[in-house]
Amino acid sequence: MEISGRVAVVTGAGAGIGAALTHRLVAGGARVVAVDLDEAAVRAVAERAGAVAVPGDVADEAVIRAAIETAEREFGPVELYFANAGIGGGGGLDATERQWAAALDVNVLAHVRAAKLLVPGWVARGSGYFVTTASAAGLLTQLGSAPYAVTKHAAVGFAEWLSVTYGDQGVRVSCVCPMGVDTQLLHTGMVPEGAEADGQLAIKAVTTAGAVLSPEQVADDILAGVAAERFLILPHPEVLEMYRHKGADYDRWIGGMRRYQAALRG
């Protein structure tokens with residue numbers, strides 16, 4: 001899919017990958033609605049990029065609906081939806097019900113709610129594109145954070161299901177699974193209150209596994225993947241080899257991850 005002239009919604013657009021995507025999309029000729037919980041940040045990004053800002057929590061279906069309706073009013077029907085917003089969640093078994101619920105809401109159910117609003121129209125028109133920002137954690141796992149690991153697996157699973165179910169009806173889906181990206185989520189968002197040790201383990205597991213990429217590099221990789229209509233977009237190509245090793249011998253992979261975790265904990 002070419003992005004020039006397309007109408008797009010980007011969530012989590014106040015910083016990081018979402019902000020970079022907003023800038024890249026507008027520069028490529030797309031018309032963009034940028035959504036983020038941080039009102040000041042998303043308005044600043046939208047003003048600099050030439051997008052339209054919609055502040056709000058994308059876990060709330062009303063906010064998603066407002067973003068879609070704003071796009072339709074300002075530009076026309078939404079053709080690309082970037083479900084990019086995400087949070088870290090909590091630590092291990094001590095993660096609270098509230099932390100689990102928040103991670104499920106933002107990392108998974110926000111995608112489901114957006115798809116429910118968009119996919120019927122895309123099927124009727126025979127065209128639409130849903131881009132999920134998941135994580136390498138959704139293919140592998142995330143040391144130090146059970147909610148993040150589990151909800152990113154679920155995000156990958158929902159993207160797969162969406163593509164299998166609606167791919168023959170014109171709905172295209174991409175699932176982005178990077179490792180380390182130089183964002184606030186990596187540096188502070190993985191350290192929940194009361195689980196600082198787990199949070200530091202999560203950060204170390206990511207930063208020692210491979211290069212930490214800039215949000216701009218990841219945005220470029222995402223748009224290249226969208227142009228090629230690839231389902232799995234891997235800004236860190238080595239994730240594919242890791243995933244193959246996992247599938248080839250699950251028990252061996254789990255043993256290796258246990259050893260990796262022990263080494264990081266020292």
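Thr133 is buried, at a relative accessible area of 8%; buried here means under 20%, with exposed over 50% and partly exposed in between (1.4 Å probe, protein chains only). The model is a predicted one, in which local features need pLDDT of at least 70 and side-chain atom pairs pLDDT 80 or more, while totals for chains, interfaces and linings use all residues. Residues are numbered from 1 along each chain as its sequence is written, and side-chain values use heavy atoms, with hydrogens and water left out.

Thr133 sits in strand β5, residues 128–133. Helices (H or I, at least four residues) and strands (E, at least two) are DSSP runs, numbered from the N terminus. In a regular strand, side chains alternate between the two faces of the sheet. Both faces of β5 are covered: Gly128, Phe130 and Thr132 are buried on one side, and Tyr129, Val131 and Thr133 on the other. Next comes the partner strand. β5 pairs with β4 (residues 80–83) in the parallel sense over 4 bridges; pairing takes at least two bridges found by DSSP.

Leaving aside neighbours within four places in sequence, Thr133 is in contact (heavy atoms within 4.5 Å) with Ala83, Asn84, His111, Lys152 and Val176. Of these, Lys152 belongs to helix α5, residues 146–166. Lys152 is buried yet has no salt bridge, and the nearest side chain of opposite charge, Asp36, is 13 Å away. A salt bridge would need a side-chain nitrogen of Lys or Arg within 4 Å of a carboxyl oxygen of Asp or Glu; Lys and Arg count as positive, Asp and Glu as negative, with His and the chain ends not counted.
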